[in-house]
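I opened a new model today and kept notes on what I looked up. The entries follow in order.

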Amino acid sequence: MMDCQNCHGNTHNVQQTVYTANTHPETGSRILGPMFLAHVDCTGCHGASTEAESSGSLDSLGIVSRASAAACDKCHEPGTGEKYVPFWQKTTRELYARIDAKWQSLQDYPAALSDREAGEKLEKLMAQARDLLDSVQADGSWGVHNFKYTETLLTTADNLISQVK
């Protein structure tokens, strides 16, 4: 038998980091997600099976477990997922877009400074902020995996960017 993990291992590291016990990027304090604390694993939300879309003539993509807002209703009152998932995602996307636009507008500023040392310091701040923004985007849940932690990553990125100018 082939073991796909030989080449395709650790494919959900970002999601696992966001979902599980995390530390605040500045203070080091822990920000635990409520579903993690309740011992809900991935299948608690990612239980809806769907066939992966095939492209081309070979149909080898199989079945994928996807998340469903209705999964929330197994433990919470009916409609909870339909209410909170869009709220978390909208709020997170808006905050991300605002901070990313701010980052984009300042990305060339540090290199343009005549004070090279100051410019390098600001470039490091911008790089740290970019890493945080990229982590939120790579997670892909837009806040659903751990809303408080995702919000903290974004506000930390915003604070770093605010130090640039």
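What share of the 165 residues in the protein chain is buried? I looked this up to begin with. Buried residues account for 30% of the chain. I note here that the model is predicted.

The protein chain has an accessible surface of about 11,100 Å². Carbon and sulfur atoms hold 53% of that surface.

Then I went through the secondary structure. I found six helices and four strands in the protein chain. Reading from the N terminus, I wrote the order down as α-β-β-α-β-β-α-α-α-α.

I also checked contact range. I took the contacts between residues at least 6 apart in sequence. Of these, 58% join residues at least 24 apart.

Last entry: one helix pair. Two packed helices are described by the angle between their axes and the distance between the axes. I looked up both for helix H3 (residues 80–106) and helix H5 (residues 116–139). Their axes come within 11 Å and cross at roughly 150 degrees. Angles over 145 degrees count as roughly antiparallel, so H3 is roughly antiparallel to H5. The crossing of H3 past H5 is left-handed.

Which residues make the contact? From H3 I listed Thr 92, Tyr 96, Ile 99, Asp 100, Trp 103, Gln 104 and Leu 106. From H5 I listed Met 126, Ala 129, Arg 130, Leu 133, Val 136 and Gln 137.

Key. Residues are numbered from 1 along each chain as its sequence is written. This is a predicted model: local features need pLDDT of at least 70, side-chain atom pairs count only at pLDDT 80 or more; totals for chains, interfaces and linings use all residues. Side-chain values use heavy atoms; hydrogens and water are left out. Helices (H or I, at least four residues) and strands (E, at least two) are DSSP runs, numbered from the N terminus. Buried means under 20% relative accessible area, exposed over 50%, partly exposed in between (1.4 Å probe, protein chains only). Contact means heavy atoms within 4.5 Å. Accessible areas come from the Shrake-Rupley method with a 1.4 Å probe; for residues, only the protein chains shown count as cover. Axes are lines fitted to C-alpha atoms, for helices over the stretch in contact, and angles run from 0 to 180 degrees between N-to-C directions. Angles under 35 degrees count as roughly parallel, over 145 as roughly antiparallel, 65 to 115 as roughly perpendicular and the rest as oblique. A crossing is left-handed if the near helix is turned anticlockwise from the far one by less than a right angle, and right-handed if clockwise.
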